[in-house]
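Q: Please take a close look at one part of this structure, the pair of helices that cross each other, and then follow the chain onward from there.

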Amino acid sequence: MTTWNEHIPIYVQIAQRVTQSIVDGTFPEDQAVPSVRAWAAELMVNPLTVTHAYQDLANRNILQSRRGLGMFVAPNARQVLLQQERDAFLSTEWPEILKRLKHLDLRLSDLPGDQP
């Protein structure tokens, strides 16, 4: 059963799931995404909610409607989404991480894992 965040519209959460699936390769570029009815049944939501999510993604050129065939992942959608996520990370999360590192007197070389 799907748990929804009550503070975020469900169509936005569905759009986020679709974009995450594109980024992680579950929904490859130029391939069909699940039909509105299939996703609505799986997520136990109104088909209009899924339609709203898909339309939002189409308006952002992440999905493309193909008449009679359904919705498909747009060419280059993964790269566009990755760049948006990188930009958001660098503008919002990274400054907070840097502050925390400074507060703890840590350098990047002190961190575990692969280093460039």
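A: The axes of helix α2 (residues 36-43) and helix α3 (residues 47-59) come within 8 Å of each other and cross at roughly 120°. Here axes are lines fitted to C-alpha atoms, for helices over the stretch in contact, and angles run from 0 to 180 degrees between N-to-C directions. Helix α2 is therefore oblique to α3, because angles under 35 degrees count as roughly parallel, over 145 as roughly antiparallel, 65 to 115 as roughly perpendicular and the rest as oblique. The contact (heavy atoms within 4.5 Å) joins V36, W39 and A40 of α2 to P47, V50, T51 and Y54 of α3. Helices (H or I, at least four residues) and strands (E, at least two) are DSSP runs, numbered from the N terminus.

The model is predicted: local features need pLDDT of at least 70, side-chain atom pairs count only at pLDDT 80 or more, and totals for chains, interfaces and linings use all residues. Residues are numbered from 1 along each chain as its sequence is written, and side-chain values use heavy atoms, with hydrogens and water left out.

Beyond α3, the loop between α3 and β1 (63-66) holds N61. Phi of N61 is positive, near 60°, whereas most residues other than glycine have a negative phi. N61 is exposed, with a relative accessible area of 58%; buried means under 20%, exposed over 50% and partly exposed in between (1.4 Å probe, protein chains only). In the loop between β2 and α4 lies N76, whose phi is also positive, near 70°. N76 is partly exposed, at 45% relative accessible area.
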